[in-house]
Amino acid sequence: MSAVRCSSCFASPVGVAVRQPLARGGARGGSLAAVGAVGAPTGKLSGGRFWAREQLRISRVRAAGEAEARPASEAEAKAEGAEDGGDGPSKSLIQMTNFSERYAKNTGTYFCSDPGVTAVVIKGLAEHKDTLGAPLCPCRHYEDKEAEVAQGFWNCPCVPMRERKECHCMLFLTEDNPFRGDEQTIDPNEVQSLTEEAKGML
């Protein structure tokens with residue numbers, strides 16, 4: 001299926017609006033960029049339940065013969081906590097945020113100078129991961145999303161990004177891109193708050 005590119009907006013499934021970012025030393029371009037419907041966020045485990053799960057994890061590792069159990073990383077703990085619902089970021093949102101940070105660092109690229117753009121794209125990837133089983137690029141129009149996922153061309157990181165470092169979504173920007181910022185990290189809670197804030201602008 002062919003994808004239709006919009007030159008002035010990001011067509012994402014996240015139901016929010018984000019202003020086009022400021023270029024370095026330039027003016028803000030265009031109008032609000034439309035994006036699609038935010039899924040219901042889920043949150044963290046309560047303290048007692050998190051502690052119980054962590055103890056169970058440690059006991060299983062020890063039973064397997066390891067001398068010491070390695071504590072869960074902060075990212076793992078957040079992802080575990082997200083499974084039980086609440087107001088925090090969903091598990092898929094945390095996973096896609098962690099992926100985006102790793103990929104930016106591995107490729108020497110940067111997030112957009114407007115963190116709202118980064119947040120909307122990550123939210124769209126997480127939404128597609130939940131609904132389609134793969135992080136299909138959220139910034140394009142598809143006649144058949146399932147067929148696109150199966151083809152794999154636009155699954156993030158897409159082929160143009162892998163081959164030429166061309167990211168239509170402006171999630172991964174090269175050093176010479178006028179819209180790039182200085183950051184290669186973003187907190188999942190910030191991603192959630194920015195997308196909720198942008199949604200309220202509609």
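Student: Why does Met 170 count as buried?

Tutor: This is a predicted model, and the values are computed from it. Met 170 has a relative accessibility of 15%. Buried means under 20% relative accessible area, so Met 170 counts as buried. Its place is in the loop between H6 and H7.

Student: What makes the phi of Met 170 worth a remark?

Tutor: The phi of Met 170 is positive, about 65°, although Met 170 is not a glycine. Most residues other than glycine have a negative phi.

Student: Which other residue in the loop between H6 and helix H7 (188–199) can be looked at?

Tutor: Lys 165 is in that loop. Lys 165 also is not a glycine and has a positive phi, of about 55°.

Student: Why is Lys 165 called partly exposed?

Tutor: Its relative accessible area is 39%. Buried is under 20% and exposed is over 50%, with partly exposed in between. The value for Lys 165 falls in between, so Lys 165 is partly exposed.

Student: How do you know whether Leu 171 is buried or exposed?

Tutor: Leu 171 has a relative accessible area of 1%. The cut-off for buried is under 20%, so Leu 171 is buried. Leu 171 lies in the loop between H6 and H7.

Student: What does Leu 171 touch, apart from residues up to four places away in sequence?

Tutor: Its contacts include Ser 100, Tyr 110, Phe 111, Cys 112 and Thr 118. Val 121, Ile 122 and Leu 125 are also among them. Phe 111 is 60 residues from Leu 171 along the chain, and their C-alpha atoms are separated by 5.6 Å.

Student: Which residues meet where H3 and H4 pack?

Tutor: From H3, Ser 92, Leu 93, Gln 95, Met 96, Thr 97 and Ser 100 take part. From H4, the residues are Ile 122, Lys 123, Leu 125, Ala 126, Lys 129 and Asp 130. The residues of this contact divide into 5 nonpolar, 4 polar and 3 charged.

Student: Where is the cis peptide bond, and what makes it cis?

Tutor: The cis bond joins Cys 156 and Pro 157, with omega at about 0°. Most peptide bonds are trans. Pro 157 lies in the loop between helix H5 (145–151) and helix H6 (159–164).

Student: Why does Asn 155 count as buried?

Tutor: Asn 155 is at 15% relative accessibility, and buried means under 20%, so Asn 155 counts as buried. Asn 155 is in the loop between H5 and H6. Beyond its neighbours within four places in sequence, Asn 155 is in contact with residues including Ala 134, Pro 135, Leu 136 and Arg 162.

Student: How many helices and strands does the protein have?

Tutor: The protein has 7 helices and 3 strands, running β-β-β-α-α-α-α-α-α-α from the N terminus on. Of the 202 residues, 48% are buried.

Note on methods
Residues are numbered from 1 along each chain as its sequence is written. This is a predicted model: local features need pLDDT of at least 70, side-chain atom pairs count only at pLDDT 80 or more; totals for chains, interfaces and linings use all residues. Side-chain values use heavy atoms; hydrogens and water are left out. Helices (H or I, at least four residues) and strands (E, at least two) are DSSP runs, numbered from the N terminus. Buried means under 20% relative accessible area, exposed over 50%, partly exposed in between (1.4 Å probe, protein chains only). Contact means heavy atoms within 4.5 Å. Ala, Val, Leu, Ile, Met, Phe, Trp, Tyr, Cys and Pro count as nonpolar, Asp, Glu, Lys and Arg as charged, and the others, Gly among them, as polar.
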